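Dear colleague,

Please find below the structure that I am handing over to you. My findings follow it.

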Amino acid sequence: MAEPLPPDVAATLRALLAGPDPVSGALLAQVPHARVVGRCGCGCATVDLEVDRTAVAAAPPHDNPAVEEAYADPHPAGVVVCTEDGYLSLLEIYSVADEPISAWPDPRHIER
């Protein structure tokens, strides 16, 4: 069942998609129309996303993942934004340590 984006997921997406390029701009425009449709079974904060494709255009052709960044604080982690057919489909966080990261870190800690 689809649910609205939690504030921490929306804030993370906004921070990751803040670039000036057309792909980032198009994906950022999708954030208000995105919903969470699934979660990772390992206990991490990763979410599967679905965008209302009637409400917003697809992003121009781009690489996948569309964004790949890292956190150093509070735990070393990687974060990726994936798309399907030009629409947001996954916001994944993975731990560099053994324990899954169960909550989204403050987006101000994203390393670029």
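At the start of helix H2, a side-chain oxygen of Asp21 comes to within 3.3 Å of the backbone nitrogen of Val23. Please note that the model is predicted: local features need pLDDT of at least 70, side-chain atom pairs count only at pLDDT 80 or more, and totals for chains, interfaces and linings use all residues. Residues are numbered from 1 along each chain as its sequence is written, and side-chain values use heavy atoms, with hydrogens and water left out.

H2 covers residues 22-30, and its buried residues are Val23, Ser24, Ala26, Leu27 and Gln30. Buried means under 20% relative accessible area, with a 1.4 Å probe and protein chains only. Seen down the axis of H2, these residues fall within an arc of 165° (taken from the directions from the helix axis to the C-beta atoms), so they line one face of the helix. They pack against strands E2 (34-39), E3 (47-51), E5 (77-84) and E6 (87-95).

The chain as a whole has 2 helices and 7 strands; these are DSSP runs, helices (H or I) of at least four residues and strands (E) of at least two, numbered from the N terminus. Their order along the sequence is β-α-α-β-β-β-β-β-β.

Of the 112 residues, 40% count as buried. Leu5 is in contact (heavy atoms within 4.5 Å) with Ala10, Leu13, Val31, Ala34, Arg35, Val36 and Leu49, leaving aside its neighbours within four places in sequence.

Yours sincerely

Conventions: Buried means under 20% relative accessible area, exposed over 50%, partly exposed in between (1.4 Å probe, protein chains only). A polar contact is a pair of N or O atoms within 3.5 Å; within protein, one must be able to donate a hydrogen and the other to accept it, and residues adjacent in sequence count only if both atoms are side-chain atoms.
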